[in-house]
Amino acid sequence: MEKTTSTPKGGLLGQSRTRREFLGTSAKVGGGIAAILATGQAPAYAQERELRMLVWSHFVPASDEELERQFKEFGKQAGVSVRMDRVAHLQLPAVLAGEVQGQKGHDIVNVSNSNPHLYSDHLEDISDIYGEIGADGGGWTAETMGKGRKGEQAALPWYFISFPLVFRKDLIAEIGEKVPDTWEDVHRVGMKLKAKGHPLGIQLAHSADANWINRGILWSHGAKLVAEDSRTVAVNTPETVEAFKFVRALYKDCMEQEVLAWDDRNNNVCMISGKCSMILNPISAYRAAVRENALIPGTQNLIAEQIEHVIPPKGPAGRHMCASFVGVGIWKFAKEKELAKEFLKYHFQKDNQNRLLVASKGYNQPVLAQFADHPLYSSDPKYAFATEIGKYTHSLGWPGVPTAAAQTVYDQYLLPDTLAECATDRLSPEDAVAKLEKQMKRVYKRLNRKY
Amino acid sequence: MNSSRTMAMDASTDPAVNEAVRNRTPVWRRRKTTYNYLALIPFVAFALFPLYIILITSIKSDQEIANLGQTPFWATGMTVDNYVYLAEKTAFFEDWLINTIIVSVASTVISVSIGILAAYALARLKFKGVEVFGIAVFVTYLVPQPLLFIPLIDVINFIDDIVPIRDTYWSLIITYPTFLTPFVIWLLLGYFKTIPVEVEECAYLDGCSRLGALRRVVLPMAMPGIICAVLFAFTLSWNEFLYSLVFIQAQEAKTIGVGVFTELIRGDVYYWGSLMAACFAGTIPIVVLYSFFMDYYVSGLTSGAIK
């Protein structure tokens, strides 16, 4: 052991070091670091005022570009530097969780659906600017959105992403049918089109679309996952069983097995490739078909010209669909809270909101009444559904509000999983609903205590 | 010895000699070689198929990718548009690739340096708790990253308050060794144990210190294991996603994995062509590295397994 520090031919890196010298040097280095730590003084360049915003990578890149333009413009006017960061939408929860844990990060953050409820303790109450912006914009059309656990406004509703029925008008015309208006129509038309090799495509797998669309089907059949108090599981009803039976019939008669393994992109691919006749999806499938100049197989005809959208089908209990409601909030630990509020007021001005909506090509569906009938939607028949769909669109947790428990049920894909088990006859509709209820009760019991 | 090797090399490159050797090779041996190579074909095809599909998809137009009526195994209208998109519309070549190389090289150097010293100590030195340390290293390696990233954020934020490292690759260079070092130690521990201690004792007799013996005798003998550890550490760093996602959001500081996800996956819209181009371009450095050190890699993996 002694040889380690006292060597005839030199120690580490060929230089002689006694143990005493080694300890002396280590003490000096350690002392230096301790001195830096003790001052806790950040370099001057880090102390400049900077407003930082974190958003997801938007489905339409031009929307990000317009948002960044506005952000920079605001920074120029306010005399501060700004930085807009983006992450993919599926990775956003991990980044938010990291920022909350460290109590450090961006000032303005993209908090959607149940996140304002989940992060209520960490988000600034912005009820003041919520009221101002709502009054200027003709009122909010998504009044339950962005609420914290105490009813405070933890985030501003930003826009929502709806799920119209997307269909190939040429294929429906070929079989002499009219555009489906009810879920029964979808079933009937879907059966005929599947026989012609053009199935219906609704995910019964671990994907966001599966969560949104299948909630819509349940609600249209009079079923609900949770009661109006947002805390009581209310899924085990005859209506839910009927809805499960209907989804099973849709799967067996109108769809192919592949929907059991689909993620969010697969229904787009199925539609753009010319295979699927109907899907439920935001306009991204159509936009992708336009961008890729996708052709109808075996022809030189553009598939985008044959794609149309209508409001979601009606069920026995009416027309209902679930949608993603995107919000924007300010962390309590943000360094520039006042500046962040100023930016949000600037960003929600009519002109800026208008530009963002246009840049997103209508993808960002407005939550302020003054934009509900935006000219963009009347300029293109493909978007005709957009002015109406808001009436039938609800958030996660409906008929209650989006809560952390509702988000957990969503994140664990409890509904798609039990529906898939029912559709593939691994569970009867009654057993599948009972299983869903049991799983949901476990989640709500735990989270109702906590939140 | 050198002259005899030179002669041997001259002989092997002489076409006449090669022809003579071929003529003298028995038929059964040539047949056996042919069968061996034939038997390898399905395995090679299986292993390379994903890479092939990545390459083919990356040179297809968007229209062709969307067309399920066409064969996925060949591109009819080849294009470099996807690579051009990657170069012009994203920071792939400009920032992400360079950041990934810097982070991977730096964290590999740090981890392997620490790992060599730690593994050597655990393999050779006799001190109280050495066995427990060895097991602790292994257990540390088993802790999943999604559990570690939360406390590590506090560490990074603490350092960031003093020296701004958030949103720079330094946050990764500091954190990657937390999962690389246990792995390197675990790999090299087994390897060092296979090197006879007598060789080291000879070095001590010749006047070497412990560290001198390590540097002059043990490390050269352990080179296959070390290269194996380098390759593994480099690949793990190259592919790491979670820390990179959580510690870095600035576009210009991202690594390939996170950058590609951010720019080329937009909700339910996947930019398939550019994604595949990014996958292919991002694979090349790893392929080059492995092709140079494959022999070391294989022997490093197997030698450490036995005593």
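This is a predicted model: local features need pLDDT of at least 70, side-chain atom pairs count only at pLDDT 80 or more; totals for chains, interfaces and linings use all residues.
Residues are numbered from 1 along each chain as its sequence is written, while chains are lettered from A and ligands numbered from 1 in the order in which they are written.

**Chain B as a whole**

Select chain B and switch to cartoon: there are 15 helices and two strands (DSSP runs, H or I of at least four residues for helices and E of at least two for strands, numbered from the N terminus). Chain B has a radius of gyration of 25 Å, well over the 19 Å that the globule rule gives for 307 residues, so it is more spread out than a compact globule (the radius is taken over C-alpha atoms, and the rule is 2.2 Å times the number of residues to the power 0.38). Along the principal axes, the C-alpha atoms of chain B fill a box of roughly 70 × 70 × 30 Å.

**Its two domains**

Now colour residues 1–53 of chain B as domain 1 and 84–303 as domain 2; such bounds come from an automatic or database domain assignment. The centres of these two domains, taken over C-alpha atoms, are 35 Å apart.

**A strand pair in chain A**

Finally, move to chain A and select residues 165–168, strand S5, which pairs with S8 in the antiparallel sense over four bridges (pairing requires at least two DSSP bridges). Zoom in on A:Val166, and you will find A:His309 of S8 opposite.
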